[in-house]
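This report goes through one protein model, beginning with a sheet and moving on to helices. Keep the structure open while reading.

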Amino acid sequence: MRLSSATLDKVSGSVLMPRYERSAQACGIVHIGLGAFHRAHQAVYTDDAMNDGDRGWGIVGVSLLNADVQAQMSPQDGLYTVRESQGSATTIRLIGSVRTVLVAPHDPITVVRAIADPNTRIVSCTITEKGYCRGRDERLDRTLPDLASDLAADAAPRTIYGFLANALSMRKQSGLPGLSLVCCDNLADNGSQLSALLGEFIGETDPSLLEWFYDRCRCPSTMVDRIVPATTDADREQTARDIGLRDEATINTEPFRQWVIEDNFAGPRPRWESGGAQFVPDVAPFETAKLRMLNGAHSALAYLGLARGHEFVHQAMADPELRPLIESLMCKEAAPSLAHTAGLDLNAYAQALTARFSNAALRHRLTQIAMDGSQKIPQRWLDTLEIQNKKGQDCPALLQALAAWIAFLRARVEEVGDPMAATLITLWRRRGKSGIVDALFGPGGLFAHHWSASPEIRRRLTQMVAGFDFR
């Protein structure tokens, strides 16, 4: 029997249940990108707020790509369980904050209307770095087919910008308030980036809307943190044994979670602080520490670990040759690149990350982290390299990770769906082992605008790349 509103009385075991009446909750949030991370993070914080007495913050979840998540969640009336695992200890919680699931390519007009609905006050998003359609200059990449279609307005919306611009126009025409647009992806200064990119899109497609957007809407920056492996069939089978019902949308994650949010909203918001969210004037120090230390170490574990035949993060972390490299990357290379911030103990942060990466209860696949590397390494690695190189400081651990990524491009980049895969493979074929580093990080290289490596570092990197052999 499958989990749903009608089968809640059949739930067995120790499951923490929602303490509010779901059917009485209006939907005040539209979330774009209803993947595992949102369901383990923002939806849980929203559930906390409604458990604490907040009302009217149900979530309309939107998939921008396919109907898989709708097939998982709609037959369950949006209900799903979150399993928090640390060692042998597991806590299971039923989440009720997601009320409706839409598939944007199947029903774009309903998505636009949901955003334009008078009850909606917040649109949040987790669409990964590549979902923002940015070019090398950090502006909109007009060569992307979906974005080009939205800019031409010759079909139903396909990108986040098309959906938002259409809905904001409807809100303006109806005299409704603006929205808080909450980006929860791993982009530096993500709120400002979303504001600038959406402003660029609106300025080209509907200039009369631009002043209203900047005046009535807000895009607070955020930092999100929780390790959420992709759900497996084994996870679903374990949940079925634990609760006595099938849950196709179950999530397995760690107990730790963090959400730091710029206190800059256009109107009401949920009391996310009920779940421990922090509202601060400036998210940047928290965000930068997370990008360079946690995300930087995660990406290093992915490519170095895959090169040594590991499958999961905890396996790579247990490797006696890799663990010291990761600790050095965090403590000796990334941490010194960060400005001192009151209340942010970087040594304690690094120790906590080491413990979290070593959690064998989370079977977090390295290939999941290796996805979209071209979109991730600038803020995770290259910013640290640029800062440390200017100070005359060497970063051997980061260089090892970078060499592993470069070697990975040649052998396996296509399997993880990198949006720049074709370009990177072409560079490898044209330049070979002796020239690929220059093509990426030399003068005029593909990533030189983020970090231009010195001739000596390029020579070292070229030697390191030759030492990796991905099969």
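This is a predicted model: local features need pLDDT of at least 70, side-chain atom pairs count only at pLDDT 80 or more; totals for chains, interfaces and linings use all residues.

Strands of a sheet pair through backbone hydrogen bonds, and the pairing can be parallel or antiparallel.

Strand E4 (residues 80-86) and strand E5 (residues 89-95) run antiparallel and are joined by seven bridges. Within this pair, Thr 91 in E5 is the residue opposite Glu 84. The hairpin of E4 and E5 has two residues between the strands, and Gly 87 in this hairpin has a positive phi near 65°. E5 also pairs with E1, here in the parallel sense, over two bridges. The bridge partner of Val 15 in that pairing is Ile 92 in E5.

## Helices on the sheet

## Helices H6 and H8

Helix H6 (residues 160-174) packs against helix H8 (residues 207-216) at an angle of about 80°, and their axes are 10 Å apart. Angles of 65 to 115 degrees count as roughly perpendicular, and H6 and H8 are therefore roughly perpendicular to each other.

On the H6 side, the contact is made by Ala 165, Leu 168, Ser 169, Arg 171 and Lys 172. H8 contributes Ser 208, Leu 209, Trp 212 and Phe 213. Sorted by class, the residues of this contact between H6 and H8 are five nonpolar, two polar and two charged.

## Helices H12 and H16

Helix H12 (residues 322-334) and helix H16 (residues 396-412) have axes that come within 8 Å and cross at roughly 125°. That angle makes H12 oblique to H16. The crossing of H12 and H16 is left-handed.

In H12, the residues that meet H16 are Leu 325, Ser 328, Leu 329 and Glu 333; in H16, their counterparts are Pro 396, Ala 397 and Leu 398. The contact of H12 with H16 has five nonpolar residues, one polar residue and one charged residue.

## Helices H10 and H15

The axes of helix H10 (residues 284-307) and helix H15 (residues 373-390) come within 10 Å, crossing at roughly 120°. The crossing of H10 and H15 is left-handed.

From H10, the residues in the contact are Leu 291, Arg 292, Asn 295, Gly 296, Ser 299, Ala 300 and Tyr 303. They meet Gly 373, Gln 379, Arg 380, Trp 381, Asp 383, Thr 384 and Ile 387 in H15. By class, the contact of H10 with H15 has five nonpolar, six polar and three charged residues.

## The whole chain

How many helices and strands does the protein chain have? Its secondary structure comes to 18 helices and 12 strands.

Along its principal axes, the C-alpha trace of the protein chain spans about 65 × 55 × 45 Å. A compact globule with 471 residues would have a radius of gyration near 23 Å; the protein chain has 22 Å, which agrees.

Technical notes: Residues are numbered from 1 along each chain as its sequence is written. Side-chain values use heavy atoms; hydrogens and water are left out. Axes are lines fitted to C-alpha atoms, for helices over the stretch in contact, and angles run from 0 to 180 degrees between N-to-C directions. Helices (H or I, at least four residues) and strands (E, at least two) are DSSP runs, numbered from the N terminus. Angles under 35 degrees count as roughly parallel, over 145 as roughly antiparallel, 65 to 115 as roughly perpendicular and the rest as oblique. A crossing is left-handed if the near helix is turned anticlockwise from the far one by less than a right angle, and right-handed if clockwise. Contact means heavy atoms within 4.5 Å. Ala, Val, Leu, Ile, Met, Phe, Trp, Tyr, Cys and Pro count as nonpolar, Asp, Glu, Lys and Arg as charged, and the others, Gly among them, as polar. Two strands pair if DSSP finds at least two bridges between them. The radius of gyration is taken over C-alpha atoms; the globule rule is 2.2 Å times the number of residues to the power 0.38.
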